[in-house]
Amino acid sequence: MTPKPTLTERRSPWVVFASAADPWLASDTATLVQRSGLVLRLDGRELQDAASLFRTFARELSFVGYFGHNWDALVDCLHDWHGPGHGNQDLAILIDHADDLRHADFLGLFVSVLAQAAWNSNLRLDGDGILDEWRQRFAQHFVFLLDHTAPAAFVEGAARGMDVAVALSDGRLLATLTDIDWPGGDPASAHWTTGPLSFADDEILSGRIIQGIQLFRSHLGCSIHDAIDVFQARYEYLRRECPAGFTISPAEYGEGFYS
């Protein structure tokens, strides 16, 4: 059974994609604030390229002056954010208006970086899966809030992140880290899919729409509507990255199909 998202508990999933109107968010943010936690909001429209993303995080989270404006430095600053002067409070970072990030070529890397930072903050485990007693644990989670795009449409991009595992549940996309390389990151009882969604590529490239959707539904354990959104996202990615691989033209999918 896929775990429920949380902003208050020190557990996976670390990253969530959800509708901006999701009632879970209002409930959990209220609980977090009641427990003296922090809720910070970023504007996804300011994160359209890596340089802008680093500047926005540095500005909104008041990173130290020597922040290196690269992905490794972002991981370090996020999981060290509750250092001296920050109160060691639990933290939820919400990314509003995140729809356009679906097309960002760095989406998978971004999700992986956020998940790694949250893993370190929540669990404080070393490479052997042993608790680091010298560092304080605190809840840290990230939520991408979508105004008009289905969370399932982000599965394709998120699943390309290094060591990222994804799941669809209750209309939300959840992301964690594989348990092999990140102990405690991937609950053993959950239904997660790891790595690029290439298992349905033959069906997509040859125009076997129903079979492809069924594969996504089976592998992801999701609804038919979510499976269609995932199929569309993978279709668009393959059309962009390897257009010569299609054995049929887009028109043969049906008039206006995923154009």
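**Rings, burial and contacts**

Modeller: There are 13 aromatic pairs in the structure. The model is predicted: local features need pLDDT of at least 70, side-chain atom pairs count only at pLDDT 80 or more, and totals for chains, interfaces and linings use all residues. Residues are numbered from 1 along each chain as its sequence is written, and side-chain values use heavy atoms, leaving out hydrogens and water.

Biologist: What makes Trp-71 and Phe-110 an aromatic pair, and which kind is it?

Modeller: Rings of Phe, Tyr and Trp (its six-membered ring) pair if their centres lie within 6.5 Å; planes under 30 degrees apart are stacked, those over 60 are edge-to-face and the rest are tilted. For Trp-71 and Phe-110 the centres are 6.0 Å apart and the planes make 50 degrees, so the two rings pair and the pair is tilted.

Biologist: Why can this pair be said to tie parts of the chain together?

Modeller: Trp-71 belongs to helix α3 (residues 71-79) and Phe-110 to helix α4, so the pair joins parts that are 39 residues apart in sequence. Helices here are DSSP runs of H or I with at least four residues, strands are runs of E with at least two, and both are numbered from the N terminus. Trp-71 and Phe-110 are both buried.

Biologist: Why does the pair of Trp-119 and Trp-182 get the name it has?

Modeller: The ring centres of Trp-119 and Trp-182 are 5.1 Å apart, within 6.5 Å, and their planes stand at 80 degrees, over 60, so this pair is edge-to-face. Trp-119 is in helix α4 and Trp-182 in the loop between β6 (172-177) and β7 (193-194), so the pair links distant parts of the chain, 63 residues apart.

Biologist: How do you know whether Trp-119 and Trp-182 are buried or exposed?

Modeller: Buried means under 20% relative accessible area, exposed means over 50%, and partly exposed lies in between (1.4 Å probe, protein chains only). Trp-119 has 6%, so it is buried. Trp-182 has 16%, so it too is buried. In the chain of 259 residues, buried residues make up 53%.

Biologist: What makes a nonpolar core, and how many residues has the largest?

Modeller: A nonpolar core is a set of buried Ala, Val, Leu, Ile, Met, Phe, Trp, Tyr and Cys residues joined through side-chain atoms within 4.5 Å. The largest has 67 residues, and among those with the most contacts inside it are Phe-17, Phe-57 and Phe-110. Helix α4 (residues 107-123) gives the largest share of this core, ten residues. Apart from it lies another core of 15 residues, including Leu-7 and Trp-192. Phe-17 also belongs to one aromatic cluster, together with Trp-71, Phe-110 and others.

Biologist: Why is Ser-12 called buried, and what does its side chain reach?

Modeller: Ser-12 has 3% relative accessibility, under 20%, so it counts as buried. It is found in the segment before β1 (15-19). The side chain of Ser-12 reaches the backbone oxygen of Gly-185 at 3.3 Å. It also makes a polar contact with the side chain of Thr-176 at 2.7 Å. A polar contact is a pair of N or O atoms within 3.5 Å; within protein, one must be able to donate a hydrogen and the other to accept it, and residues adjacent in sequence count only if both atoms are side-chain atoms.

Biologist: Which residues does Ala-165 touch?

Modeller: Contact means heavy atoms within 4.5 Å. Not counting residues up to four places away in sequence, Ala-165 touches several residues, among them Leu-174, Thr-176 and Trp-192. Ala-165 is found in strand β5, and its relative accessible area is 0%, so it is buried. The C-alpha atoms of Ala-165 and Thr-176 are separated by 5.3 Å, although the two are eleven residues apart along the chain.

Biologist: What shows whether Asn-122 is buried or exposed?

Modeller: Its relative accessible area is 0%, under 20%, so Asn-122 is buried. Asn-122 lies in helix α4, and its side chain reaches the backbone oxygen of Gln-140 at 2.8 Å.
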